[in-house]
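Here are my notes for you to read alongside the model. Take them one at a time and keep the picture open.

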Amino acid sequence: MADITPLRTAAETGLSKLFEATRMKYPTGVSIAREEAFRYFEAVGLPTRRVEAFKYTDLRSAFRDAAHPAEMPAAEVAARAVADAKGFAGIEAVRLTFVNGHMIADLSDLGRIPAGITVTPLTQALTDGHALLEKLAPVRQASENPIYQLNTAFLADGVLIAVEPGAKVETPLHLRFIATGSETFSTATRALVVLGEGAEALVLESHEGPDGVAYQPNDALDVTVADNATFRHARLNAEGREAVALSTLSVKLGAASAVETVNVVVGGVLSRHQVYLNFAGANGRAVVNGAAMLNGRQLADTTFLADHAATGGVSRELFKTVVDDAATGVFQGKIIVQQAAQQTDGKMMSACLILSDEGQMMNKPELEIFADDVACGHGATCGALDEDLLFYLMQRGLPKAQAESLLVQAFLGAAIESVSHDGAREALIGTIEAWLAARG
Amino acid sequence: MPAVQETIDRVRSIDLDQYKYGFETTIEMEKSAKGISEDVIRFISAKKDEPAWMLDWRLDAYKRWQTMQEPDWARVSYDKVDYKDIYYYAAPKRPAAMSLDEIDPEILKTYEKLGIPLREVEVLEGIAPERRVAVDAVFDSVSVATTFKAELSKAGVIFMPISEAIREYPDLVRKYLGSVVPVTDNFFATLNSAVFSDGSFVYIPPGVRCPMELSTYFRINERDTGQFERTLIIADKGSYVSYLEGCTAPKRDDNQLHAAVVELVALDDAEIKYSTVQNWYPGDNEGKGGIYNFVTKRGDCRGANSKISWTQVETGSAITWKYPSCILRGDNSRGEFYSIAVSNGMQQVDSGTKMIHLGKNTTSRIISKGISAGRSQNTYRGLVSAHRKATGARNFTNCDSLLIGDQCGAHTVPYIESKNSSAQFEHEATTSKISEDQMFYCQQRGLSNEEATALIVNGFVRDVLQQLPMEFAVEAQKLISISLEGSVG
Amino acid sequence: MIEIKNLVVAIEDKQILNGLNLTVNDGEVAAIMGPNGSGKSTLSYVIAGKEDYEVLDGEILLDGVNILEMSPDERAASGVFLAFQYPLEIPGVGTMTFLKATLNAQRRARGEGELSTPDFIRRVNGAAEKLEINKDMLKRALNVGFSGGEKKRMEILQMALLEPKFCVLDETDSGLDIDALRIVSEGVNALRAQGRSFLVITHYQRLLDYIVPDVVHVMSQGQIVKSGDKDLAKALEASGYAEYRTGEAA
C-alpha cells in the first residue's frame with residue numbers, strides 16, 4: 001500500500017501550484033530549507049485518518065482548497081484590525097503585531113524593546129543570514145511533521161527574539177496575530193526565541209480573526225532554552241469560527257532549564273496545536289497545560305510529545321477539554337524516555353467534560369519507555385458533570401446554569417493556575433468566563 | 001542498583017534453559033504438502049471429513065487472504081513468515097482414538113510430562129480429586145483426547161474438538177462460526193479461517209452452569225508447522241462456563257507460527273470466563289527461535305446482562321500479537337480483561353484489549369500488568385470506545401508497567417474514544433521500577449535478590465492472579481518467577 | 001412549618017417511602033431515628049429535591065406551599081437546607097468563592113440585594129470563629145482535604161450564613177469525635193430560633209444529648225411508626241430497634 005501514490009486532492013494540487021508560484025517571493029537563505037520541506041510534504045500529502053498521528057483529525061477533508069497566501073494589508077486596514085484586537089489587550093506588554101501573517105512595524109513596539117532583548121524581523125534575519133538562525137527547527141520530530149513542513153515551505157514572515165544570557169526580562173513580549181478580511185487566505189509565520197544561559201522571558205501569543213471566513217493560519221514557535229534559563233509562554237487561540245488553525249511549538253530544553261506553557265482554545269472550526277519538547281540537557285523541567293472550550297461543530301486537537309533524552313527531566317502536562325454541542329476534543333500525548341534518560345519523572349493528564357449528547361472526546365495518551373529508573377504515568381478521564389456536585393451546589397441555592405458554570409470554571413481553571421504572570425492568568429480566566437457567559 | 005554487573009553476568013550465563021517444556025516427541029506424523037494452496041485446503045478439509053459448506057468457507061477465506069497484507073502497526077519487528085515454507089497440517093499417523101488406550105503412548109507420555117491429566121481415572125482417583133477439569137488435548141493440528149465427555153453430556157454441555165462439532169452439530173457451528181471474528185477480520189484471522197485444523201467447541205445450553213472447568217491444552221510438536229487452532233464457545237441464555245487454555249512447544253532454532261482464532265458468544269444473562277496461560281517457547285536469549293503468537297480473540301456479549309471475562313498470563317512466545325476483546329452489545333453487559341505479560345530475553349509483546357461499548361449501561365474493566373526484563377519490549381495497546389447509543393457506559397482502566405534492567409522497554413498505547421456524554425471513562429497508567437526501598441526491606445529480612453524480586457513482582461500482579469482459577473494461579477505464579485529468572489542481580 | 005403528607009417514593013423501581021406523614025412545627029427541633037435502611041436518608045434527599053428519587057404520591061408543604069415541583073436551588077431559596085451526611089469536595093472552587101456565590105444567589109432569588117464584600121467577609125469570619133474554623137480552611141478549595149469533622153463544621157457554617165427556615169441534618173454525627181460533635185451541636189443550638197425548624201436524622205441517641213429535640217419520631221419501613229418526647233430516644237437506646245424491624249427482610 002505504501003508505494004501506491006494516492007490521488008491528489010484539489011488542496012494538494014493547489015498547494016503545489018502555490019508553492020511554485022510564490023516561492024521566489026519569500027525570503028530565502030541557507031537556514032530555511034523550504035524546498036526540502038515542501039518535497040517531503042508533497043511526497044505524503046495532507047494526512048488523513050489513516051496516518052496514525054492524524055487518526056482523529058483529518059486534514060485532507062479539512063482543506064477543501066489551498067487558500068492563497070495573504071498579502072501585506074494596507075496600513076489603514078491593519079490599523080483598524082489592531083484597534084479591535086482583544087487578546088491580552090489589557091496587559092502591559094511590548095507588542096509585536098502581525099496582521100494576516102505580516103509583521104506591521106508601525107503597529108509594533110519595536111522602539112521600546114527592553115534591555116537584554118534583541119528583536120529582528122525574520123525576513124531581515126533571513127536576508128542577513130543571522131547567526132541564530134541555526135536555532136530554527138530545534139526538535140527533530142517536529143521537522144518530520146507535515147504541518148510544520150508546510151509552515152517552513154510557505155513561511156512569509158516572523159520574528160527572531162534573542163534574550164541575552166542572564167537577562168531577566170519582566171515585561172511580557174506579546175506576539176499578536178490578527179487576521180482580517182472577508183475572502184479566504186492562508187498565513188505562515190514563525191517566531192524564533194533563543195534564550196541565553198540563565199535568561200528569563202515571558203512570551204504571550206494571541207490569535208484572533210473574523211468569524212465566517214475560512215482562513216488558514218499556520219504558525220510556529222521555535223524555542224531554544226539554554227542551561228538554567230526559563231521560558232514562560234501563554235497562547236490564546238481566539239481565531240474566527242471558520243478558521244482552520246494549525247500551530248506548532250517546538251522547545252529544546254538545556255540543562256536545569258524550565259519551561260511553562262499553556263494554550264487556551266476557543267476559536268477555529270478545526271484547530272491543531274502541536275507541542276514538541278526535547279529534553280536535551282539534564283534536569284530540565286516543563287509544565288505544559290491546555291484548556292479547550294468547544295461548541296458547535298468545532299474540533300480541537302492537542303498533540304503533545306516529550307522526548308526525554310537526558311537524565312532527571314521532569315514534565316507535567318494537564319489538558320482540560322470542555323465539549324458542548326456536536327464538538328470534538330482530541331488529545332494525543334506521548335512521553336518518550338530514552339535509555340539515557342534515567343530518573344525521568346513524567347506525568348500526563350487529560351480530562352474531559354462532555355456537556356451535550358453529541359459531544360465527543362478522543363484520547364490517546366502514550367508512554368514509550370526505555371529506561372528503568374523512571375516514574376512515569378498518565379491518566380485520562382472523560383464524562384459528564386458530576387450529578388452529586390451539581391445537586392450539592394443547587395441545594396445551597398445556585399441555579400443550575402450557575403452551578404454548571406462554577407464547576408466548568410473550576411475544571412478548566414486547574415490548567416491555568418500554572419500561569420505565573422497575574423495579568424495573563426486573569427486574562428485567560430476572563431476568556432473562560434466569557435465563553436461560559438455566552439453559553440448562558 | 002548495586003548489583004548491576006552481577007545482573008549482567010547472570011543474565012549472560014542463563015540461556016533461558018528454564019523453559020521446561022522444550023522437549024520434543026518423536027512420533028510418526030502425517031502432513032499436508034508444504035505451503036498453502038487450494039489443494040492443501042482441500043486436503044485439510046478432506047482429512048476432517050468436512051461438509052461442502054465448510055470447504056467453501058475455507059476456500060473463500062483463502063481467496064480473500066491472498067489479497068491482504070500482513071499488518072505492521074504493532075510495535076514488533078521480526079523476519080516475516082514465509083507462508084510457502086510451512087506445513088499447515090500435521091497429525092499423528094494413528095487413526096483418531098476412540099478411547100485413551102488407543103492413543104499413541106508417546107503422546108500420552110508427552111501430556112504426562114506436561115502435567116496434563118488425560119486419564120479421567122487418574123483424575124478421579126488422584127491426589128487432588130477436587131481438581132476436576134475436562135481437557136481437550138490438541139497436538140499440532142488435531143485433538144487427541146477429550147476427557148469427561150460423558151459426564152458433561154449429561155448436563156447437556158457439548159465439549160468436543162471443533163472438527164467433530166462441524167460434523168455432529170453443523171447447524172450450531174454454522175450459526176456462530178465467524179460471527180464474532182468475521183472471515184476477513186485481519187490477515188491472521190483470515191489465514192486461520194482458510195487452514196484451521198482443530199480446536200475446541202463448547203456449547204452450554206440455557207440455564208446450565210457447566211459442572212466443571214473446561215480446558216484445552218495446545219501443544220506444537222512438529223517442526224516447520226504452523227498451528228491454526230480455532231475455538232468457539234457459546235454460552236446460551238443464563239448459562240455459565242469457565243474455560244482454561246494452556247500452550248507449550250519444543251525448543252527449536254527457527255520460528256514457528258501460531259495463528260489462532262477464538263470466538264466467544266454470550267447470550268442473555270450468560271457468563272464466560274476465559275483464562276489463558278500462554279507459555280509457548282520464547283526463543284533463546286539471543287532471540288533465536290520461538291513462537292510467533294499472532295492470535296485473534298474476541299468475545300461478543302450479545303445478550304442483555306451477559307458477561308465475558310478474559311484473563312491472560314503471557315510468559316512465552318518470541319512475539320505476541322494479541323488483543324482479547326469484548327463487544328458489549330447487550331444492554332447491561334460487562335467485559336473484563338485481566339492481563340499479566342512478562343517479557344524477558346529478546347521477547348516482544350504487543351498485547352492489550354478492545355472494549356467496544358454499544359449497549360446501554362455497559363461496563364468494562366481493564367487491569368494490565370506488564371513486566372519487562374532482559375532486552376525485551378513490552379507494549380500495552382488498548383481501545384475503549386463508547387458509541388452514541390451506549391448511554392451510561394463505564395470503563396475503568398489501569399495499566400502498570402514494571403521495568404527490570406535498563407535494556408528493555410515498556411510502552412503504553414491506549415485509545416480512549418467517547419462519543420457520548422453519559423459515558424464515564426477513567427484511565428490510569430504508571431511505569432516504574434522495583435523500588436530500592438522495598439528491595440532493601442525484603443533483603444534486610446533475609447530474602448535474596450531473586451526472592452525479593454519474585455515477591456514484589458507477585459505483589460505487582462496480584463490483582464490479576466486473583467482472577468485465575470486456583471490451580472492455574474499457582475502455576476502462573478511459578479511460571480512468572482521462572483520467566484524472570486536471571487533478570488535481577 | 002413543614003408538613004409531609006402521604007409521601008410515597010421509589011428509587012429504581014424499589015419503593016422506599018410508603019405513605020410517610022410528618023409535621024414539624026415552627027421553631028421545633030424534631031428528631032428522626034430508625035434502623036439502617038428505614039428510609040431516613042431518602043427522606044432528606046426527597047425534601048431537598050434530588051433527581052434520582054421518584055415521588056409516586058403525596059406532598060411536601062413548606063409554609064403551605066408544595067415544594068415538590070421546585071428544583072433544588074428553588075427549594076434552597078425558599079429556605080430548605082440539607083446538611084449532607086457526606087459533604088462533597090469541589091476541587092478548584094475556593095471556599096469563599098463558593099460561599100459568596102450561594103449567599104448571593106439565594107438573596108437574588110428572594111429579591112434581596114447582594115452583600116457587599118466587606119459585609120460578606122465579616123459575616124463569614126463571625127460564623128467561622130464560633131465554629132472554630134480557621135482562616136486557612138477558608139482559603140482552600142471547598143471541603144478538599146478537610147477532615148470529616150472539618151467538613152461537618154463547614155456545613156454548619158453554611159447553615160449559619162444562609163439562614164434557612166427548615167434545616168435537615170442527615171446523620172451529622174457520623175464520623176465525629178466528641179469534641180467535633182460538641183462544636184457542631186453548639187453551632188446548631190445557636191441557630192435555634194422562632195421561625196426556624198430542624199429535622200435531625202440520626203441512628204444514635206448520642207447526638208440528641210447535645211441537640212435536645214422537642215419531639216422524637218421513629219421511622220421504619222418508610223413510615224413514621226412512633227412519636228414521643230426526648231425520652232423515646234433514651235428508650236430506643238436501651239431497647240434497640242428490634243421491635244421496629246418486624247416484617248423487614250433479613
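1. Start in chain C, where the axes of helix α3 (residues 95-109) and helix α6 (residues 148-162) come within 10 Å and cross at roughly 35 degrees. Axes here are lines fitted to C-alpha atoms over the stretch in contact, with angles from 0 to 180 degrees between N-to-C directions. Helices are DSSP runs of H or I with at least four residues, strands are E runs of at least two, and both are numbered from the N terminus.

2. Who meets whom? On the α3(C) side you'll find Leu99(C), Thr102(C), Leu103(C) and Gln106(C), and on the α6(C) side Gln158(C), Leu161(C) and Leu162(C). Contact means C-beta atoms, placed from the backbone, within 7 Å.

3. A word on ground rules: this is a predicted model, so local features need pLDDT of at least 70 and side-chain atom pairs 80 or more, while totals for chains, interfaces and linings use all residues. Residues count from 1 along each chain as its sequence is written, and chains are lettered from A and ligands numbered from 1 in the order written.

4. Now hop to chains A and B: 29 residues of chain B contact 32 of chain A. On the chain B side, β22 (409-418) and β23 (424-433) each supply at least two residues.

5. Strand β19 (residues 375-383) of chain A runs antiparallel to β23(B), joined by seven bridges; strands pair if DSSP finds at least two. His378(A) sits opposite Ala429(B).

6. Chain B averages a pLDDT (the predictor's confidence in each residue, 0 to 100) of 81. Over residues 1-17 of chain B, though, pLDDT is below 50.

Terms used
Two residues are in contact if their C-beta atoms, placed from the backbone, lie within 7 Å.
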